[in-house]
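Please look through the sequence and the structure before reading on.

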Amino acid sequence: MKKVLSWIDEYLEEVLLAAALAAMAVIMGVQVFCRYVLGASLSWSEELTRYIFIWAGFLSVSYCTKKCISIKIEQFVALFPRRGKAVFKVVNHTFELILFVYLLPFAWKYLMSAVENGQTSPAMGIPMYLVQAAPLAGFALSAIRVLQRWIAEFKAVIGKGEN
């Protein structure tokens with residue numbers, strides 16, 4: 001069980017994002033084939049691709065957070081010694097964590113409003129709350145990833161961890 005959780009912790013976003021990219025490419029490839037070779041287009045392909053893209057966008061926030069890929073002032077941070085960099089990153093991650101925790105209730109309300117109104121997608125008829133769950137999932141996973149980075153940097157600040 002520990003190996004499974006470790007694998008999920010390490011590769012969850014990468015696998016989901018790669019699967020999303022592959023699915024979008026295949027779906028749109030089939031759509032192009034059907035439209036130009038068979039002369040009939042699929043009614044659902046662009047809608048599904050759009051929804052997968054939305055999910056991929058919110059999952060990519062978590063991926064970037066996990067890998068510390070964000071807009072930064074690298075030259076400024078590079079001026080500090082290792083412990084100083086860690087302090088700067090702890091402060092940065094604290095603000096990020098506050099932001100994602102702040103956004104969670106709004107994402108929850110957004111999802112619940114979609115559940116309550118029962119809207120379905122026009123071409124596929126899927127419940128729209130499946131699409132509108134993306135912000136909640138993305139922000140929750142991002143908050144977890146920021147907390148993981150915060151703990152790692154905090155250990156570096158107090159001298160108990162490698163960075």
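## Basis of the description

A residue is called buried when its relative accessible area is under 20%, exposed when it is over 50%, and partly exposed in between, with a 1.4 Å probe and protein chains only. The model is predicted, so local features need pLDDT of at least 70 and side-chain atom pairs count only at pLDDT 80 or more, while totals for chains, interfaces and linings use all residues. Residues are numbered from 1 along each chain as its sequence is written, and side-chain values use heavy atoms, with hydrogens and water left out.

Helices are DSSP runs of H or I with at least four residues, strands are runs of E with at least two, and both are numbered from the N terminus.

## Aromatic pairs

A pair of aromatic rings is described by the distance of the centres and the angle of the planes. Rings of Phe, Tyr and Trp (for Trp, its six-membered ring) count as a pair if their centres lie within 6.5 Å, and the pair is stacked if the planes are under 30 degrees apart, edge-to-face if over 60 and tilted for the rest. The structure holds 6 aromatic pairs. One of them is the stacked pair of F80 and F88, with 6.4 Å from centre to centre and 20° between the planes. F80 counts as partly exposed because its relative accessibility is 32%, and F88 is likewise partly exposed, with a relative accessible area of 31%.

F100 and F139 form a tilted pair, with centres 6.2 Å apart and planes at 35°. Since F100 lies in helix α4 and F139 in helix α6, this pair ties together parts that are 39 residues apart in sequence.

## Packing of α4 against α6

Axes are lines fitted to C-alpha atoms, for helices over the stretch in contact, and angles between N-to-C directions run from 0 to 180 degrees. Helices α4 and α6 pack at an angle of about 160°, with their axes 8 Å apart. That makes α4 roughly antiparallel to α6, given that angles under 35 degrees count as roughly parallel, over 145 as roughly antiparallel, 65 to 115 as roughly perpendicular and the rest as oblique.

## Packing around α1

The axes of α1 and α2 come within 9 Å and cross at roughly 155°, which means that α1 is roughly antiparallel to α2. Helix α1 passes α2 in a left-handed crossing, and the contact of α1 with α2 has 14 nonpolar, 5 polar and 7 charged residues.

Helix α1 (residues 2-38) also packs with helix α6 (residues 134-157), at an angle of about 130° and with the axes 13 Å apart. That makes α1 oblique to α6, and their crossing is left-handed. In this contact, where contact means heavy atoms within 4.5 Å, I8, D9, L12 and E13 in α1 meet L141, R145 and Q148 in α6. The residues of the contact of α1 with α6 divide into 3 nonpolar, 1 polar and 3 charged.

## Selected charged residues

K66 is found in helix α2 (residues 45-66), and with a relative accessible area of 14% this lysine is buried. Leaving aside residues up to four places away in sequence, K66 touches D9, E10, Y11, E13, E14, R145 and R149. R149 lies in helix α6 and is partly exposed, with a relative accessible area of 22%. E153 also has its place in helix α6 and counts as buried, at 0% relative accessibility.

R82 is found in helix α4 (residues 82-117) and counts as partly exposed at 43% relative accessibility. R82 and A156 are 74 residues apart in sequence, and their C-alpha atoms are 8.1 Å apart in space.

Definitions and conventions:
A crossing is left-handed if the near helix is turned anticlockwise from the far one by less than a right angle, and right-handed if clockwise. Ala, Val, Leu, Ile, Met, Phe, Trp, Tyr, Cys and Pro count as nonpolar, Asp, Glu, Lys and Arg as charged, and the others, Gly among them, as polar.
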